Amino acid sequence: MLLLSLTLFFCSWSTLVYAGDQTKGENCTITNNRLQFGTYQFHSDCDTQTYCSSQGICELKGCRKDKYPFGYPPGASIPPQCPPGQFCPDESDACQPLLPVDSACQLNRDDQCAPPPNWQDLSDNSKYGHNVNGSVCLNNVCMWANVTVGQACVVENTAYMAYTGTSELFIDIVSRGNCQIGTYCNSQTLVCTQTKQLEQTCDADKECLSFNCLSKGVCGPGTDSPNHFATWVYIMVGVGIFGGMFATLITLFLIHRRQRDQEREKRLQYWREQNAFRQSIMQMKEIARTSILSLPGGNGNSNRSTVCSRAGSEESSTPMIQYSVHKSSGLRQQCLSDDGGNAYDELMMQRFEHDKSRRHG
């Protein structure tokens, strides 16, 4: 608890510390080189492209440890990486040879330590970075990660400052040891213990083979592991997709059928109105023909009355739609006299003169 309180204090104090801004050729103090509290990032008086030399002057860096170093603009000249058998320290002044066992090393710089003879068997090929070529730097001392189950081990606990999604500060403690891959160094007993499988109880990430101890105290899948679903989930998803497709098609079909029925009803109503209108016209013509034939001299023996009678009877009995080989033109038939006059006009004039003589008689 005391360590945690001191860490929180130094983390809050580190927010007042700014990165170095001295450029090449400017003065610096080498004793100001340090690791930032909480993040443990290397800090000096010089900027990101220079280091503080022993003469107290910022010089251009002579090497880099990262493939893509921070603080260089595009197209700028960057220092080279070190060849095999050498490493670039945090100061990035120059490449140095790998350090033997029990040599002093910098925090989390496993790459500074020389590998053991059987480094192929001890090397960590996983993504968790337990060691580099079978070597680890614990408590600033180079060691080999070759301790087996049941043997005494060395542990290093480092508290890092982190933030939640709501910007709340918390401490993330990273525990490392010099045990072989597949084991971990128990912080209580300082003895290498076999790592645990899924669903086994745990207290820290290092105890799990997946390096993920859940909040409920059991080992869970790795944080980057893909989610696997049961077969019935895929079946339900497929049924939902095809069900949605068929439901959409059926809905569209019903909507189209309803619209089609509405259009059919409109056409039927229009046909009924037109048929009723035609029947009314036929009735009016039949009444007019009957009235004309009832006049004196209109006994139906003349050619004109016969033509009109035949025309009226044929037209009144003609259906609205004829199913014949040759379609009709749709023009209504007319009763014409032999000399091209209208028979109806002549008969109407006779009836008018007859009615006039009766009124004066």
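Analyst: Accessible areas here come from the Shrake-Rupley method with a 1.4 Å probe. On that basis the accessible surface of the chain comes to about 24700 Å², and 57% of this surface belongs to carbon and sulfur atoms. The model is predicted. The chain has 361 residues, of which 26% count as buried. It contains 5 helices and 12 strands.

Now the disulfides. The count comes to 10, with a disulfide taken as a pair of cysteine sulfur atoms within 2.5 Å. Three of them are described below, including the link of C46 and C58.

In the disulfide of C46 and C58, the sulfur atoms are 2.0 Å apart. The link is left-handed, with -90 degrees about the S-S bond. C46 lies in the loop between strand 2 (42-43) and strand 3 (50-52), while C58 belongs to strand 4 (residues 58-60), so the bond ties together parts that are 12 residues apart in sequence. Both C46 and C58 are buried.

The disulfide of C82 and C95 also has its sulfur atoms 2.0 Å apart. A value of -95 degrees about the S-S bond makes the link of C82 and C95 left-handed. This pair links distant parts of the chain, 13 residues apart: C82 is in the loop between strand 4 and strand 5 (86-87), and C95 is in the loop between strand 5 and strand 6 (96-97). C82 has a relative accessible area of 19%, so C82 is buried. C95 has 29% relative accessibility and therefore counts as partly exposed.

D90 lies in the loop between strand 5 and strand 6. D90 is buried, with a relative accessible area of 12%. The side chain of D90 makes a polar contact of 2.7 Å with the side chain of R109. Leaving aside neighbours within four places in sequence, D90 is in contact with L35, F42, K65, Q106 and R109.

The disulfide of C179 and C192 has its sulfur atoms 1.9 Å apart. The torsion about the S-S bond of C179 and C192 is about -90 degrees, so this disulfide is left-handed. C179 is in the loop between strand 10 (169-177) and strand 11 (183-185), and C192 is in strand 12 (residues 192-194); the two are 13 residues apart, and the pair links distant parts of the chain. C179 is buried, with a relative accessible area of 7%. C192 is buried too, at a relative accessible area of 2%.

Two further points concern the chain beyond these links. Among contacts between residues at least 6 apart in sequence, 44% join residues at least 24 apart. F253 has 46% relative accessibility, so F253 counts as partly exposed.

Methods. Residues numbered from 1 in each chain as written. Predicted model: local features only at pLDDT ≥ 70, side-chain atom pairs only at ≥ 80, totals over all residues. Heavy atoms only, no water. Helix = DSSP H or I, 4+ residues; strand = E, 2+ residues; numbered from the N terminus. Buried < 20%, exposed > 50% of the residue type's maximum accessible area, 1.4 Å probe, protein only. Contact = heavy atoms within 4.5 Å. Polar contact = N/O pair within 3.5 Å; in protein donor to acceptor, adjacent residues only side chain to side chain.
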